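Below is a short report on one protein.

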Amino acid sequence: MIETTNQISQASEVVLNNGDRLLQITLILIAGGVALLAGMALISILRLPLSWLAPKFSTQTYIRVVVASKNIVLALLTLSAMEVMLLLIPQTEWLSLIEFCLSVGITILSGWMLSRLFRDFFNTTILGVTFESNPQVKGESIFLLRYFGDFAIAVALILSFCISHNINVLGIVASLGIGGIAIAFAAQKTLEQFLGGIVLNLDRPFTVGDYIGLSDGHQGKQGTFGRVESIGLRSTKIRTSGKGTLTIIPNNALTQATIENFSGAKKVMSVMMIEFPKPISANEQALIRQTVMDSTMDIFGLDWRSTEVAFGDNHAQISFFILGSNELSMELRRQLLDLATQQITKQLQKHNISFILDQPTIYVDSPISI
């Protein structure tokens with residue numbers, strides 16, 4: 001009889017415990033569902049009062065970042081509400097594991113949103129101010145600031161996550177430092193080649209399929225020339241022209257070599273059309289041509305010597321040529337050219353030259369042939 005009573009008592013405890021867990025999970029899911037529905041309503045509703053009360057810049061930022069990333073924002077709100085509800089429930093071991101997973105998701109999504117906000121601020125504000133203060137600014141140096149901002153956001157969020165979950169950051173860093181020193185001494189050459197591969201993949205001076213030339217000799221003399229067949233973590237394979245042999249070069253040697261990329265460079269032609277309400281005189285044509293040259297001559301990456309200004313009866317076609325090595329540099333130089341185009345329009349307005357931009361600037365990509 002006593003054994004039967006004990007078994008019934010144990011079974012009741014199991015049922016009650018499972019009932020508590022089911023209730024806790026239900027509350028967490030309800031909180032997430034309410035936050036999801038509220039977020040869907042708020043994202044649509046806030047757009048109207050923002051357009052009335054907030055500055056135009058804030059409204060545009062809201063549309064570009066929040067509305068464009070609606071799914072990410074809703075996921076972040078849902079996980080945050082579930083996290084809050086979970087913290088209000090008495091903590092148990094299994095709830096702590098769920099809380100840790102939710103915190104990881106919130107940290108990742110928060111980093112993604114903060115990065116989007118920073119990049120929007122970078123493109124709309126920092127880039128314009130930098131160009132106005134120094135038109136000769138180099139694209140790669142500006143984008144270092146953007147990378148530094150993303151890196152700072154990632155570090156701040158990781159530190160906040162570790163501190164909130166009582167993770168000893170200093171101990172982990174110290175352990176990694178000691179272990180890294182020991183590994184570095186044991187495999188110095190291999191690590192040099194491995195790090196060289198990382199540098200090549202980040203910097204991307206060439207890609208698979210590019211024809212490159214390496215200065216193997218003294219005083220920059222041309223050495224190996226061929227087509228890149230693969231870029232590994234330790235070495236890069238180049239099929240040499242003429243012989244057809246496969247040359248395997250350690251990546252750390254490539255990071256220190258002078259590389260001439262014959263096919264990786266890109267050239268973009270930008271065409272801007274301007275319509276005039278009346279025929280313009282020769283003096284006005286010379287003034288327009290000089291204004292275009294002065295506004296674009298100092299842009300890094302723009303082949304200003306190839307800039308052409310062709311006049312018709314009541315229109316002008318302005319052709320620019322942008323040079324770059326990768327999509328990142330081309331993107332920035334397009335943005336700088338857009339800012340220069342705005343400067344051109346301002347200068348023409350100052351000289352009382354009436355005009356109409358016939359259509360948006362056209363960009364035509366064309367790779368440079370060998």
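Among contacts in the protein (heavy atoms within 4.5 Å) between residues at least 6 apart in sequence, 65% join residues at least 24 apart. This is a predicted model: local features need pLDDT of at least 70, side-chain atom pairs count only at pLDDT 80 or more, and totals for chains, interfaces and linings use all residues. Residues are numbered from 1 along each chain as its sequence is written, and side-chain values use heavy atoms, leaving out hydrogens and water.

The protein has 10 helices and 10 strands. These are DSSP runs, numbered from the N terminus: helices are H or I with at least four residues, strands E with at least two. Of the 370 residues, 31% are buried, meaning under 20% relative accessible area with a 1.4 Å probe, protein chains only; exposed is over 50%, and partly exposed lies in between.

Helix H9 covers residues 282-296. Its 15 residues reach 21 Å from first C-alpha to last, close to the 21 Å expected at 1.5 Å a residue (1.5 Å times one less than the number of residues). Buried in H9 are Ile288, Thr291, Val292, Met293, Ser295 and Thr296.

A search of the whole structure finds two aromatic pairs (ring centres of Phe, Tyr or the six-membered ring of Trp within 6.5 Å; stacked under 30 degrees, edge-to-face over 60, the rest tilted). One of them, Tyr211 with Phe225, is stacked, at 6.2 Å centre to centre and 25° between the planes. The two residues are 14 apart in the chain.
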